[in-house]
Each structure stands twice: as structure tokens, then as C-alpha cells.
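A couple of ground rules come along the way.

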Amino acid sequence: MRRVHPEDSLAAVRLDSVRKVYANGQIAVAEASFEAADGELLVLVGPSGCGKSTLLRLVAGLESVSAGTLAIGGRVVNDVPPRDRDIAMVFQSYALYPHMSVAQNLAFGLSLRKTPRAEIDARVREAAAMLDLSSVLERKPAQLSGGQRQRVALGRALVRKPSVFLLDEPLSNLDAKLRLGMRVEIARLHKRIGATMIYVTHDQIEAMTLGDRIVVMNGGEIQQIDAPMRLYEKPANVFVAGFLGSPAMNFFRGRVSAANGMQIDLGEASLQLPAASAHALANNAGREILVGVRPEDLVLAGDADADAIEATLEVVEPVGNEIFLNLRRGDQAIVMRVPPRTMPETGTTLRIAMKPERVHLFDAKTERRIEIP
Ligand code: ADP
Ligand code: MG
């Protein structure tokens with residue numbers, strides 16, 4: 001056994017420049033380097049096809065890595081078969097054995113491993129209690145609700161007592177309300193058992209609410225790894241900025257128009273930056289910029305505000321505690337989030353402004369964040 005990072009505690013999962021190219025030439029994971037610390041709940045999020053499942057399957061040993069090093073608990077496992085990795089995986093399309101009871105479904109994996117009968121019974125009882133399944137142990141899967149079935153799938157992983165749980169979109173077959181409940185259940189379960197978990201989802205809200213830290217992926221590449229609110233406040237590039245947050249961030253094309261960096265020209269409108277942010281753009285006159293602003297950081301402008309953006313109100317979406325205003329400026333759609341009060345009629349032209357201290361600036365070519373001190 002080779003230990004690469006002896007300081008790692010038992011269940012840390014570490015990837016160093018891991019790459020996966022499928023036989024057909026598809027680069028599913030370009031180069032992934034990160035660590036899920038012992039006991040951490042790490043979330044992998046990104047749009048469909050970005051390589052999340054591949055990454056998880058690499059950790060599980062269901063796919064072989066093309067390059068790089070994969071270590072669990074400090075042990076390089078590149079060539080270790082799945083059954084010797086001390087992991088358990090829960091898939092989106094879990095299949096319970098329909099002719100077996102819940103108890104038998106939970107016990108099945110352990111029986112295969114020749115675990116003693118008394119030990120199996122104890123673990124099944126424990127998992128059932130944790131997942132609120134004790135009263136349905138004798139039922140068949142067809143006699144369960146969707147949420148209960150999902151909990152049995154989780155339970156089958158739980159009874160194995162692995163040091164690492166890998167969950168691949170485990171809630172995507174459930175309806176919205178059940179998902180919400182199960183999300184809380186999984187967070188609770190994680191706190192209780194304290195095992196390392198890597199949780200894959202395409203749902204940014206699920207990611208934000210569940211993860212200690214989040215790995216954002218796109219097109220096989222890791223975009224940013226950070227705590228949820230850091231990702232929201234300091235997105236590293238245009239992709240992360242647009243992917244996290246609902247409704248999504250608005251982007252405006254502009255150009256630095258003053259040598260001191262204080263002004264960005266936005267076509268017929270303009271944005272005056274506070275001195276602190278302008279500093280990052282001093283001597284950048286002419287540089288093309290993408291200005292990102294979240295729906296909650298747009299405000300209705302006063303009549304005196306000559307720099308305001310004019311846009312037509314197309315759709316008003318009242319969601320109770322707030323209202324989303326969907327506006328159009330030429331071919332650009334803009335979304336504003338405002339408090340619930342009487343709103344102008346659709347079709348009217350609104351004058352809107354950005355909160356200058358809340359804007360995100362990105363280089364238009366590289367799409368990378370321009371760091372504002
Ligand atoms: P995600 O889980 O984020 O939706 P996947 O990891 O399933 O993404 O897929 C990443 C990319 O790799 C996709 O383009 C997908 O079509 C491709 N892919 C997945 N599995 C295979 C495979 N066995 N052979 C070839 N390409 C694959
Ligand atoms: Mg997937």
C-alpha cells in the first residue's frame with residue numbers, strides 16, 4: 001500500500017490532475033484536482049453532460065482513470081477494484097428488488113458479503129430507524145411511496161457503513177416537495193454519521209443548500225471550488241456567475257470609458273463605479289467588460305438619473321414575498337427582483353439602474369472575474 005499524503009485522515013478523497021477520456025475520444029473530465037476532506041459533504045454541480053457522473057464513477061472505481069492520481073484515505077486507488085475501496089454509491093435510477101421486502105432489500109448487499117446474520121439484522125434495524133423505515137420493513141417496494149423507496153436506496157448504502165458515500169442525483173426522480181424534504185434528511189444524515197460524502201446534482205439550489213463546499217463543473221472542467229456564499233458573492237468567471245442564482249445574473253456589455261476607470265459605457269446608458277472598484281480598471285480605457293448584476297441589485301431609477309437603462313416591462317411574476325420583473329432592452333432580457341407592491345403595467349418603459357457597489361466585472365474576452373479589492 002502506497003500512501004501519498006500521510007496527513008490525510010482516513011476517509012479523505014483526493015484527486016490530482018485526474019483525467020478521463022472515453023474510448024470514443026470524448027474528454028469527459030479534462031483535469032480535476034480537489035479533495036473532499038474526511039467527513040465533508042462536498043457537492044459537484046454543473047449542467048447535464050459536464051462530467052459529474054464520470055467523476056463520481058472514477059472515485060467509485062466503475063471507470064478507470066486515463067491520467068492522474070486518485071487517493072482515498074491517503075491510499076492511491078487507481079488500480080483498486082470498487083469492492084476494496086470502502087465506498088458505497090447511490091444512483092439516480094436505483095432499482096430495488098421488487099419481490100423482496102424492504103428488510104431484504106436492505107440486507108441483500110451484506111448477505112452477498114457473507115456478513116454474519118446477527119450483524120446484518122442489527123445494521124438493518126439501525127438504518128431503518130435512521131431513515132424512518134422501521135414500520136415498513138416487511139413491505140414490498142410497490143407498497144411504498146416514492147420518498148420511502150428513495151430512503152430504502154439510501155439505506156442500502158448506509159448498512160454497508162462505508163467511509164465514503166457517493167450520491168449521483170439521488171433525488172431527481174422525486175417531486176419538488178419530496179426533494180425538499182429529502183434534502184434536509186440527507187443533510188441531517190450526514191451530520192449524524194459524519195462520513196465523507198460526495199453529492200452530485202445539476203440543481204444549483206440543491207447544491208447551494210446542501211454543500212459545505214461546492215465544485216462547479218462545465219464541459220469537463222472545474223470552474224471554481226468554494227463555499228456556497230463565496231461562489232455567489234465572488235464567482236470566478238461568467239459561467240459560475242450565470243449558473244448559480246435564480247433568477248440568473250444579468251449581463252451587460254460595456255467598455256471602460258474613462259482613464260481613471262470610473263465609468264463604463266453601456267451603449268445609451270452608463271455606469272459610474274465607486275472609486276474602490278474603479279481602481280481595478282484605471283488605465284484600462286477602451287477595455288471591453290461584461291458587467292454582471294443580480295436581479296436583486298437592480299433598482300428603479302429616479303427621473304433625474306440620466307445614466308439609467310431603459311427597458312420595456314414584458315412579464316410580471318409575483319411569487320409571494322417578492323416579484324420578478326421581466327424586461328426587454330433590444331434583444332436583451334433583463335430580470336429584476338423587487339419587493340411586493342403595486343407594479344406598473346406590462347408594456348410600459350421602466351428606467352432602471354444598478355447598485356454600483358454590487359456589480360460584478362468580467363473581462364469580455366477571457367470571461368474571468370476582474371478582482372475588485
Ligand atoms: P453528467 O453526469 O454531468 O451529466 P457524464 O459524466 O454522464 O455527465 O458525461 C460526460 C460526457 O461524457 C458527456 O458528453 C457524455 O455523453 C460522455 N459519456 C458518458 N459516458 C460515456 C461513455 N461510457 N462513453 C463515451 N462517452 C461517455
Ligand atoms: Mg450524470
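## Ligand 1

A polar contact here is a pair of N or O atoms within 3.5 Å; within protein, one must be able to donate a hydrogen and the other to accept it, and residues adjacent in sequence count only if both atoms are side-chain atoms. With that in hand, the side chain of K52 has an N or O atom 2.8 Å from an oxygen atom of ligand 1, and the side chain of T54 has one 2.5 Å from an oxygen atom of the ligand. On its own, ligand 1 has 560 Å² of accessible area (Shrake-Rupley method, 1.4 Å probe), and the protein covers 64% of that.

This is a predicted model, where local features need pLDDT of at least 70, side-chain atom pairs count only at pLDDT 80 or more, and totals for chains, interfaces and linings use all residues. Residues are numbered from 1 along each chain as its sequence is written, chains are lettered from A and ligands numbered from 1 in the order in which they are written, and side-chain values use heavy atoms, with hydrogens and water left out.

## The shell around it

The residues around ligand 1 (a heavy atom within 4 Å) include Y22, N24, Q26, A28 and P47, plus S48, G49, C50, G51, K52, S53 and T54. Helix α1, residues 52-60, gives the most to this shell, with 3 residues; helices are DSSP runs of H or I, at least four residues, and strands are runs of E, at least two, numbered from the N terminus.

By class, the shell has 4 nonpolar, 7 polar and 1 charged residues. Here Ala, Val, Leu, Ile, Met, Phe, Trp, Tyr, Cys and Pro count as nonpolar, Asp, Glu, Lys and Arg as charged, and the others, Gly among them, as polar.

## Two pockets

A pocket is an open set of points on a 1 Å grid over the protein atoms alone, where a 1.4 Å probe fits, with protein on both sides within 12 Å along at least five of seven lines; lining residues have an atom within 4 Å of a point. The largest pocket holds about 590 Å³ of space. Of its 22 lining residues, M89, F91, R113, R156 and R160 lie nearest the centre, and the lining splits into 15 nonpolar, 3 polar and 4 charged.

The second largest pocket holds about 200 Å³. Its lining has 12 residues, with K234, E357, V359, R369 and I372 nearest the centre.

Terms used: Grid points are joined across faces, edges and corners, and a volume is the space filled by probe spheres set on the points.
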